[in-house]
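Please examine the sequence and the coordinates together. The explanation below leads through selected helix contacts and then through a few individual residues.

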Amino acid sequence: MVATEVPKLASAAEYFFKMGVEGKRFRPTVLLLMSSALNVPIRESIADGVSGGLSNELRSRQQSIAEITEMIHVASLLHDDVLDDADTRRGIGSLNFVMGNKLAVLAGNFLLARACILLASLKNTEVVSLMATAIEHLVTGEKMQMTTTSEQRRSMEYYLQKTYNKTASLVSNSCKAIAVLAGQTSEVSMLAYEYGRNLGLAYQLIDDVLDFTGTSAALGKGSLSDIRHGVVTAPILFAIEEFPQLREVVDRGFKNPADVDIALGYLGKSCGIERTRELAKEHANRAVLAIEALPASDAEDVLSTRRALIDLTHRVLTRTK
């Protein structure tokens with residue numbers, strides 16, 4: 001899907017899909033598991049007459065959502081790195097650093113175009129709407145991060161909305177798209193959405209913790225990268241609640257390295273890291289409840305994939321990179 005006849009653009013578009021730098025493929029894993037977890041009869045007519053061909057066709061269409069989601073995700077990384085002037089990603093030089101901003105932007109645009117072509121081929125307007133909404137949210141979230149007032153930078157509500165837009169929306173809307181393609185009811189589709197939403201929020205909250213506690217080698221990016229870019233995340237927001245004097249430091253935007261050290265000092269004395277982990281756990285538990293509320297099934301493949309989705313919530317909480 002990401003191949004093209006223009007050699008330099010092909011090289012750029014394939015940059016983060018190569019072996020060794022393809023990332024964790026977290027989102028496609030979630031979506032393929034969700035496909036199997038929802039593999040339950042919808043209506044009598046389907047229950048009586050599902051053919052292997054129909055089942056395989058559905059699986060192929062759902063796999064397309066996983067492919068589309070990964071292309072959208074990688075495109076957003078390419079564009080974010082340009083906006084952030086980043087020089088590393090996944091332990092190697094970022095595409096903008098290696099090939100320049102112009103080619104990185106074009107590669108991101110190309111991936112979005114290919115994702116849209118594949119999305120259109122599914123011929124399902126609700127699914128198109130869900131995935132287009134996720135793309136819109138990615139842009140909105142980045143804009144929210146770039147242009148904030150002092151009050152917004154100190155707001156947990158604003159932070160969680162931005163986090164939903166930048167991280168959780170893509171997971172939640174693509175999980176719902178999987179359910180819609182399977183012909184599930186609106187109730188089941190919303191359970192899939194809630195799983196993705198809460199898993200995505202938990203994932204990002206732990207990411208924010210690791211930005212303070214992880215090492216550059218493990219994360220594949222500079223530790224403390226958020227705060228050094230003036231981005232305020234949950235651990236600092238919780239620390240502000242305990243130490244209101246930290247507000248003045250946050251309001252200055254961390255342009256002075258000394259302010260970063262002051263903030264880290266307050267964070268170390270606070271329960272910011274622990275409270276962020278607790279909030280992540282709350283969202284992980286909500287994700288588990290969504291899976292447990294899915295329609296009952298005796299099929300072992302359905303049950304095993306549902307257990308895997310639940311296990312994934314624990315992995316998200318305990319990961320170190």
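The model is a predicted one.

Two packed helices are described by the angle between their axes and the distance between the axes. For helix H10 (residues 186-213) and helix H16 (residues 272-292), the axes come within 8 Å and cross at roughly 160°. This angle makes H10 roughly antiparallel to H16, since angles over 145 degrees are classed in that way. The crossing of H10 and H16 is left-handed. On the H10 side, the contact includes Leu191, Tyr195, Leu199, Ala202, Leu205, Ile206 and Phe212; on the H16 side, it includes Ile273, Ala280, His283, Ala284, Ala287 and Ile291. Classified by residue type, this contact of H10 with H16 has 16 nonpolar, 4 polar and 3 charged residues.

Helix H10 also meets helix H2 (residues 26-37), with axes that come within 12 Å and cross at roughly 155°. H2 and H10 are therefore roughly antiparallel to each other. The crossing of H2 and H10 is right-handed, whereas that of H10 and H16 is left-handed. Phe26, Val30 and Met34 in H2 meet Ala192, Tyr195, Leu199 and Tyr203 in H10. The residues of this contact divide into 7 nonpolar, no polar and no charged. Tyr195 and Leu199 of H10 take part in the contact with H2 and also in the contact with H16.

The discussion now turns to aromatic rings. The model contains 2 aromatic pairs. In one of them, the rings of Phe243 and Tyr266 have their centres 5.5 Å apart and their planes at 40°, so the pair is tilted. Phe243 lies in the loop between helix H13 (234-242) and helix H14 (246-251), while Tyr266 belongs to helix H15 (residues 257-269), so the pair ties together parts that are 23 residues apart in sequence. Both Phe243 and Tyr266 are buried.

Two loop residues complete the account. Cys271 lies in the loop between H15 and H16 and is partly exposed, with a relative accessible area of 38%. The C-alpha atoms of Cys271 and Glu242 are separated by 8.1 Å, although these residues are 29 residues apart along the chain. Lys123 lies in the loop between helix H6 (101-121) and helix H7 (125-146). Lys123 has a positive phi of about 55°, although it is not a glycine. At 75% relative accessibility, Lys123 counts as exposed.

Terms used
Residues are numbered from 1 along each chain as its sequence is written. This is a predicted model: local features need pLDDT of at least 70, side-chain atom pairs count only at pLDDT 80 or more; totals for chains, interfaces and linings use all residues. Side-chain values use heavy atoms; hydrogens and water are left out. Axes are lines fitted to C-alpha atoms, for helices over the stretch in contact, and angles run from 0 to 180 degrees between N-to-C directions. Helices (H or I, at least four residues) and strands (E, at least two) are DSSP runs, numbered from the N terminus. Angles under 35 degrees count as roughly parallel, over 145 as roughly antiparallel, 65 to 115 as roughly perpendicular and the rest as oblique. A crossing is left-handed if the near helix is turned anticlockwise from the far one by less than a right angle, and right-handed if clockwise. Contact means heavy atoms within 4.5 Å. Ala, Val, Leu, Ile, Met, Phe, Trp, Tyr, Cys and Pro count as nonpolar, Asp, Glu, Lys and Arg as charged, and the others, Gly among them, as polar. Rings of Phe, Tyr and Trp (its six-membered ring) pair if their centres lie within 6.5 Å; planes under 30 degrees apart count as stacked, over 60 as edge-to-face and the rest as tilted. Buried means under 20% relative accessible area, exposed over 50%, partly exposed in between (1.4 Å probe, protein chains only).
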